[in-house]
Amino acid sequence: MPFTYERTIHFADTDAAGVVFFANYLRLCHEAYEEALGAAGINLARFFADTGTVVPIAKSEAEYLRPLAVGDRIRVVVTPRGLSENSFTLAFELTRVGPPAKLAGRASTEHVCIATVTRQRVALPIALAAWVRTG
């Protein structure tokens, strides 16, 4: 099931032109991803230490449809989808909350689970795999 995260755009999110700096769209997406994991009961402070894994981003894409500015209220919808036993993708939709609501951008990230010590691919930890399946 997709996860929805809302927040307000702050000055620190923007560039000199007063709009969200392009790379910060991905930062907003990652923020929503972390919130989605927390809402699923995954304690990020313990998760990596307890599982001996890390989940780096192997690929990212973004499409910028309209600018976001300071004070805009946004909604980020995160939808996970499994790719293999050790990888998954996240689809993001960023919407400026209205009225009227306007789609501001889309992004996707592809994640691969690896062992902390060996850096070899390993299966997703049980809690993370369960979260991905709910997407």
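The following legends describe close-up views of a predicted model.

Local features are reported at pLDDT of at least 70 and side-chain atom pairs at pLDDT 80 or more, whereas totals for chains, interfaces and linings use all residues. Residues are numbered from 1 along each chain as its sequence is written, and side-chain values use heavy atoms, with hydrogens and water left out.

View 1. Helix H1 covers residues 22-39; helices (H or I, at least four residues) and strands (E, at least two) are DSSP runs, numbered from the N terminus. The expected span of a helix is 1.5 Å times one less than its number of residues. Asn24, Tyr25, Leu28, Cys29, Ala32, Tyr33, Ala36 and Leu37 are the buried residues of H1, where buried means under 20% relative accessible area, exposed over 50% and partly exposed in between (1.4 Å probe, protein chains only). After the helix comes Gly41, with a positive phi near 90°.

View 2. Cys29 has a relative accessible area of 1% and is buried. Cys113 is likewise buried, at 0% relative accessibility. With a disulfide taken as a pair of cysteine sulfur atoms within 2.5 Å, the count of disulfides is zero.

View 3. Side chains of opposite charge can pair when their charged atoms come close. A salt bridge is a side-chain nitrogen of Lys or Arg within 4 Å of a carboxyl oxygen of Asp or Glu. Arg27 and Asp13 form such a pair, with an N to O distance of 2.2 Å. This pair links distant parts of the chain, as Arg27 belongs to helix H1 and Asp13 to the loop between S1 and H1, 14 residues apart. Arg27 is partly exposed at 33% relative accessible area, whereas Asp13 is buried at 2%. Arg27 also meets Glu31 in a salt bridge of 3.4 Å, N to O. Glu31 and Arg27 are four residues apart in helix H1, so about one helical turn separates them. Glu31 is partly exposed, with 21% relative accessibility. Arg7, Asp13, Arg27 and Glu31 are linked in a network of salt bridges.

**View 4. The Arg75 and Glu6 salt bridge.** Among the nine salt bridges of the structure, one joins the side chains of Arg75 and Glu6 at 3.3 Å, N to O. Arg75 lies in strand S4 (residues 73-84) and Glu6 in strand S1 (residues 3-8), so the pair ties together parts that are 69 residues apart in sequence. Both partners are partly exposed: Arg75 has a relative accessible area of 25%, and Glu6 has 35%.

**View 5. A nonpolar surface patch.** Phe21, Phe22 and Tyr64 make a nonpolar surface patch of about 310 Å². Patches consist of residues with over 30% relative accessible area and no salt bridge; like charges are joined within 9 Å, and nonpolar side chains (Val, Leu, Ile, Met, Phe, Trp, Tyr) within 5 Å. Accessible areas come from the Shrake-Rupley method with a 1.4 Å probe; for residues, only the protein chains shown count as cover. Phe22 is placed in helix H1.

View 6. Val19 lies in the loop between S1 and H1 and is partly exposed at 26% relative accessibility. The C-alpha atoms of Val19 and Ala69 are separated by 4.5 Å, although the two residues are 50 apart along the chain. Residues up to four places away in sequence being excluded, Val19 touches Asp13, Thr14, Pro67 and Leu68; contact means heavy atoms within 4.5 Å. Leu26, in helix H1, is partly exposed at 27% relative accessibility. With neighbours within four places in sequence left aside, Leu26 contacts Ser60, Glu61, Ala62 and Ala107. Its C-alpha atom is separated by 9.2 Å from that of Phe92, 66 residues away along the chain.

View 7. Most residues other than glycine have a negative phi, and most peptide bonds are trans. The bond joining Gly98 and Pro99 is cis, with omega about 15°. The peptide bond from Pro99 to Pro100 is cis, with omega near -15°. Pro99 is in the loop between strand S5 (87-96) and strand S6 (102-112), and Pro100 lies in the loop between S5 and S6. Arg119, a residue other than glycine, has a positive phi near 60°; Arg119 is found in the loop between strand S7 (114-115) and helix H3 (126-134).
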